[in-house]
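I opened my notebook today to look up aromatic pairs and salt bridges. Here is what I wrote down, entry by entry.

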Amino acid sequence: MGHCAAFSADIPCALRMEGSGRIPEEVMKRGCVTVCNHIHTLDCVMLACAFRNHTMQFLTLRDNLRMPVAGPIVRLMGGIGLPERLDGWKAVYRRVEKAFGEGQFLQVYPEGELVSGCRTLRAFKPGAFTFAVKYGRPV
């Protein structure tokens, strides 16, 4: 059961999921990389509910983990703080490798920033696809 178990699964939300094809469940059991536009501060909660049968990890700004009320929730939801220095990536890669080893999903916001309410697709940064190739996981 994913992190959504801590929240009500009956919360209505307007979440639209699209894709070019369905990833077979046996492949998803090994873990995968998920991507979506980052348009709301509660995106990680909505995604955890959408993928409630899977445990997820989320790349997030380190400052999000330090917020007084939201920080503990972001950590509970699987927040992985982006490193402030280059040598901090080793810890991120270890955590992602462990998560994939347990069949978890890694959510990456490929545009690299939150733009509240944005309805257009912005240019992607390579991070999500770098993780997918490095660990041999589907997107």
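**Entry 1: a helical pair**

I began with D63 and R66, which are three residues apart in helix 3 (residues 62–66) and so are separated by about one helical turn. Helices here are DSSP runs of H or I with at least four residues, strands are runs of E with at least two, and both are numbered from the N terminus. I found the side chains of D63 and R66 joined by a salt bridge at 2.9 Å, N to O. My cut-off for a salt bridge is a side-chain nitrogen of Lys or Arg within 4 Å of a carboxyl oxygen of Asp or Glu.

A note on the model: it is predicted, so local features need pLDDT of at least 70 and side-chain atom pairs count only at pLDDT 80 or more, while totals for chains, interfaces and linings use all residues. Residues are numbered from 1 along each chain as its sequence is written, and side-chain values use heavy atoms, with hydrogens and water left out.

**Entry 2: other salt bridges**

How many salt bridges does a search of the whole structure find? I got five. One of them links the side chains of R122 and E111 at 2.8 Å, N to O. Both R122 and E111 lie in the loop between strand 4 (105–108) and helix 6, so this pair ties together parts that are eleven residues apart in sequence. E111 is buried, with a relative accessible area of 4%. I also noted a network: D63, R66 and E84 are joined by salt bridges that share partners.

Next I checked K98 and E102, whose side chains meet in a salt bridge at 2.7 Å, N to O. K98 counts as exposed at 52% relative accessibility, and E102 is partly exposed at 47%. For these words I use under 20% relative accessible area for buried, over 50% for exposed and partly exposed in between (1.4 Å probe, protein chains only).

**Entry 3: aromatic rings**

I counted five aromatic pairs in the structure. Rings of Phe, Tyr and Trp (its six-membered ring) pair if their centres lie within 6.5 Å; planes under 30 degrees apart count as stacked, over 60 as edge-to-face and the rest as tilted.

Y93 and F131 have ring centres 5.5 Å apart and planes at 55 degrees, so I logged the pair as tilted. Y93 is in helix 5 (residues 89–101) and F131 in helix 6 (residues 127–135), so the pair ties together parts 38 residues apart in sequence. Is F131 buried or exposed? F131 is buried, at 4% relative accessible area, whereas Y93 is partly exposed at 27%. W89, Y93 and F131 form one aromatic cluster.
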